[in-house]
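Subject: The structure we talked about

Hi,

Here is the structure I promised to pass on. Have it open while you read, and I'll walk you through what turned up.

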Amino acid sequence: MKEKMKRIMDAFHRYNSSDMVFQVFGLSREIQYDALVVAPSYTPYRLKMDRSCKVTTCKEGAYTAGYLVEKDGMKIAWIKTGSSDANCIDHIAVCAELHFQKMIFIGAAGALKECFRLGDICTPVYSICGGYANTYLKESIKDYVPFEKATPDMEYVDHVISIGEKTGCVVKKASVFCTASIALEYYHLDEIKEFHTDLIEMETGSFYMMADLLEIPAIALLVVSDNSATGAALVGRTEEEQKEYDKGRNNVLPKFILTVAGDRQFPHT
């Protein structure tokens with residue numbers, strides 16, 4: 001990890017326990033994990049991964065939970081977090097105590113263009129940060145950059161997409177706007193569309209900034225859950241729309257998480 005991340009952790013631990021990750025998520029610093037999955041809302045049980053993997057609940061709290069997912073010798077540390085850029089930063093910072101080879105973010109995203117269907121699996125080429133939480137990653141909280149752009153390691157993104165092609169999983173590249181509010185995004189939708197992004201969600205900008213600080217290969221996998229351009233609603237889907245979404249979320253995504261977590265080909269891992 002970068003020296004800055006070490007300073008962040010030192011300051012964090014100065015006022016808190018040195019084993020925060022066990023207290024918050026029940027995960028062990030003694031285990032070498034193949035991957036850390038960061039998932040607002042999603043759990044391995046919700047994605048029905050307990051049908052093909054051994055899933056152990058390490059700790060469940062009111063808003064967070066930690067799980068160990070095991071398959072064929074592979075070990076995945078899985079954290080369920082609350083939504084928002086701040087939650088993403090805080091909980092990845094806690095997990096910086098762990099030993100893992102790569103990070104995988106999984107979540108849902110709304111589409112802003114008609115070419116995306118419910119259930120599509122997408123990954124950001126960049127994320128526009130529409131919130132304020134990322135400013136706390138700077139040296140001064142006065143250094144706010146409005147609508148800052150976060151960009152992933154595209155070499156690793158392209159590698160993951162190639163894995164998908166080999167396994168029959170289509171992963172679409174997409175640009176993302178990270179909103180700070182779900183309810184209020186609709187009120188500002190015309191302004192948001194002026195950024196010309198393909199999708200809208202909440203956390204990927206912060207996720208990639210944390211991955212940069214940790215110097216860990218990272219990929220965000222987003223399931224399209226609604227589309228404001230076609231009228232496919234987030235709440236109140238038709239029966240056919242629900243089937244399309246469930247296929248991407250419950251069938252394609254779990255298999256691909258295991259494929260990415262078990263990958264050993266990328267040179268940085």
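Start with Tyr-132, which sits in the loop between β8 (121-129) and β9 (149-150). Bear in mind throughout that this is a predicted model. Tyr-132 has a relative accessibility of 37%, so it counts as partly exposed. Together with Tyr-136, Ile-141 and Tyr-144, Tyr-132 makes a nonpolar surface patch of about 420 Å².

The loop between β8 and β9 also holds Glu-139, whose partner Arg-7 is in helix α1 (residues 3-14). Arg-7 is partly exposed, at 45% relative accessible area, while Glu-139 is exposed, at 61%. Two others are worth a look:

- Arg-264 and Asp-34 form a salt bridge in which the closest N and O atoms are 2.4 Å apart. Arg-264 lies in the segment after α7 (239-261) and Asp-34 in the loop between β1 (32-33) and β2 (35-40), so this pair ties together parts that are 230 residues apart in sequence. Arg-264 is exposed, with a relative accessible area of 53%, but Asp-34 is buried, at 10%.
- Glu-70 and Lys-54 form a salt bridge too, with 4.0 Å between the closest N and O atoms. Glu-70 belongs to strand β4 (residues 65-71) and Lys-54 to strand β3 (residues 54-60), and they are 16 residues apart. Glu-70 counts as buried because its relative accessible area is 18%, under the 20% cut-off. Lys-54 is exposed, with 54%.

Now go inside. The largest nonpolar core has 82 residues. Which of them touch the most other members? They are Trp-78, Met-103, Ile-104, Ile-106, Leu-199 and Phe-207. Another core, of six residues, lies apart from that one, and its members include Ile-128, Leu-189, Ile-192 and Ile-200.

Next, find helix α3 (residues 85-95). Is this helix mostly covered or mostly open? Mostly covered: eight of its eleven residues are buried. Those buried residues are Asp-85, Cys-88, Ile-89, His-91, Ile-92, Ala-93, Val-94 and Cys-95. When you look along a helix, remember that an α-helix has 3.6 residues a turn, so residues three or four places apart point the same way.

Last stop: Asn-227, in strand β12 (residues 218-227). Is Asn-227 buried or exposed? Asn-227 has a relative accessible area of 0%, so it is buried. What does its side chain reach at 2.9 Å? That is the backbone oxygen of Phe-116. A polar atom of the Asn-227 side chain also lies 3.2 Å from the backbone nitrogen of Thr-230. If you leave aside neighbours within four places in sequence, Asn-227 is in contact with Ala-111, Lys-113, Glu-114, Phe-116, Leu-118 and Ala-232.

Happy exploring!

Methods
Residues are numbered from 1 along each chain as its sequence is written. This is a predicted model: local features need pLDDT of at least 70, side-chain atom pairs count only at pLDDT 80 or more; totals for chains, interfaces and linings use all residues. Side-chain values use heavy atoms; hydrogens and water are left out. A nonpolar core is a set of buried Ala, Val, Leu, Ile, Met, Phe, Trp, Tyr and Cys residues joined through side-chain atoms within 4.5 Å. Buried means under 20% relative accessible area, exposed over 50%, partly exposed in between (1.4 Å probe, protein chains only). Patches are made of residues with over 30% relative accessible area and no salt bridge: like charges are joined within 9 Å, nonpolar side chains (Val, Leu, Ile, Met, Phe, Trp, Tyr) within 5 Å. Accessible areas come from the Shrake-Rupley method with a 1.4 Å probe; for residues, only the protein chains shown count as cover. A salt bridge is a side-chain nitrogen of Lys or Arg within 4 Å of a carboxyl oxygen of Asp or Glu. Helices (H or I, at least four residues) and strands (E, at least two) are DSSP runs, numbered from the N terminus. A polar contact is a pair of N or O atoms within 3.5 Å; within protein, one must be able to donate a hydrogen and the other to accept it, and residues adjacent in sequence count only if both atoms are side-chain atoms. Contact means heavy atoms within 4.5 Å.
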